[in-house]
Amino acid sequence: MIFIDACFKKPTSYTPVWMMRQAGRYLPEYMQVRSSAGDFLSLCKDYKKASEVSLQPVDILGVDAAIIFSDILVVPLEMGMQLSFQKGEGPVFAKPIETKADLEKLDVEKSVKNLSYVYDALKLTREKLANDKALIGFCGSPWTIATYMIEGGGSKNYAKCKKLVYQNPEFLHQILSKLSHALKLYLEEQIKAGANAVQIFDSWASALEKEAFFEFSFNYMLEISNYIKEKYPHIPVILFPKGVSAFLDQINGNFDVFGVDWSTPLDLAKEKLSAKYTLQGNMEPCRLYDKKAIEQGVLEILQIMKNTPHIFNLGHGILPDIPVENAKYFIKLVQEQSKK
């Protein structure tokens, strides 16, 4: 698989490419399946439909890897929290974590067992996926998931979480430790079900100042990565902490691929990290609105990463109103230009 080879810095005939959120609302085929499933969580829990939408970008766009369709918040949901997705608001937890008693009610073993619909979706997708295409499993980072569990949903300033960082760090570490334990077992089950690689998303890494980022976010990502790499050294681990370009000097640990977000200059990431890790990224997602902007972005990134192990991706997820024709153009352009 060209994607896996690139993860391990092996030579590839072209630069493999996939997109975060590639199974999503910009595809009419996805919207058709979504409407037949009912709400978003019902789609996540219907393993046949989740597999179907996971495969769509491979069939329609020709990407080099599928990523299983799910959501990072199914883990706290199956640990016992009440989760709903509300129009205009996104994910909402009815009763956020406030006390140690709230935390003690959450059941790690139950969550890993209850997430069988994700493993079933992975098994089915791996069976249907071409042998040369990789299947990526994923989870959120403990910090990012904890922000939703503590705030009760999305947040602009993460005040409740950051209050714990400074007022009650011990309690925050207890939450993060419990989540890390669940996520290790969750990713392990994903690998057993057929995932060829796993990615840990830390969408809200940039909410923390430097010391807090390493203490409350990155160290837990490394704990999960260490667990996976020790037991499954043949499975690449991708870490994607968004918005940490100022901290690249201190990024170190046992993982294979570092995801670079679009706000981080790729030449800087290359200078600091490419000796240790394959880099993934990092085209600005809004470039996909315009074919000239796509071409400019693709050629610039390929030039920066010339003769350096690289997986092409956007610097965050594809947006819901991107024309499918432009997404196809982007994928084909990366594959054709990188062959030259």
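## Overall fold

The chain folds into 15 helices and nine strands; helices are DSSP runs of H or I with at least four residues, strands are runs of E with at least two, and both are numbered from the N terminus. This is a predicted model, so to speak of local features a pLDDT of at least 70 is needed, side-chain atom pairs count only at pLDDT 80 or more, and totals for chains, interfaces and linings use all residues. Residues are numbered from 1 along each chain as its sequence is written, and side-chain values use heavy atoms, with hydrogens and water left out.

Let's start with the overall dimensions. Along its principal axes, the C-alpha trace spans about 60 × 45 × 40 Å. Buried residues make up 59% of the 340 in the chain, where buried means under 20% relative accessible area, exposed over 50%, and partly exposed in between, with a 1.4 Å probe and protein chains only. Of the contacts with a separation of 6 or more, 73% join residues 24 or more positions apart; a contact means heavy atoms within 4.5 Å.

In soluble globular proteins, nonpolar side chains tend to be buried together. Here the largest nonpolar core has 132 residues, and those with the most contacts inside it are F3, M19, I251, F258 and F330. Helix α11 gives the most to this core, with twelve residues. Such a core is a set of buried Ala, Val, Leu, Ile, Met, Phe, Trp, Tyr and Cys residues joined through side-chain atoms within 4.5 Å.

Leaving aside neighbours within four places in sequence, M19 is in contact with Y26, L61, L288, N313, L314, I318, A327, F330 and I331.

## Helix α4

Helix α4 covers residues 47-61, and its end C-alpha atoms are 22 Å apart, which agrees with the 21 Å that its 15 residues should span at 1.5 Å a residue. That expected span is 1.5 Å times one less than the number of residues. The helix bends by about 30 degrees at L55, with a proline, P57, following within four residues; the bend is the angle between axes fitted to the seven residues ending at a position and the seven starting there.

The buried residues of α4 are A50, S51, V53, S54, L55, Q56, P57, V58 and L61. They pack against α2 (28-37), α3 (40-45), β1 (65-67), α8 (116-128) and α15 (324-339). Just after α4, G62 takes a positive phi of about 80 degrees.

## Annotated spans and S180

An unreviewed UniProt entry carries the annotation "domain: Uroporphyrinogen decarboxylase (URO-D)", covering residues 16-25 and 136-152. UniProt positions are given in the numbering used here, feature names are shortened, and annotations may be inferred rather than shown by experiment. Residues 16-25 are 0% helix and 0% strand, with end C-alpha atoms 23 Å apart. Residues 136-152 are 59% helix and 29% strand, and their end C-alpha atoms lie 28 Å apart.

S180 sits in helix α11, which runs over residues 169-193. With a relative accessible area of 0%, S180 is buried. Not counting residues up to four places away in sequence, S180 touches P142, Y220, E223 and I224.

## Backbone details worth a look

The peptide bond from G281 to N282 is cis, with omega near -10 degrees, and N282 belongs to strand β8 (residues 278-283). K9 is not a glycine, yet has a positive phi of about 65 degrees. This lysine lies in the loop between α1 (2-7) and α2, and K9 is partly exposed at a relative accessible area of 31%.

Y158 has a positive phi of about 55 degrees, although it is not a glycine. Y158 is found in the loop between α9 (142-151) and α10 (159-167), and is buried, with a relative accessible area of 10%.

S338 is in helix α15 and counts as buried at 17% relative accessibility. Setting aside neighbours within four places in sequence, S338 is in contact with S13, Y14, T15, L302 and L333.
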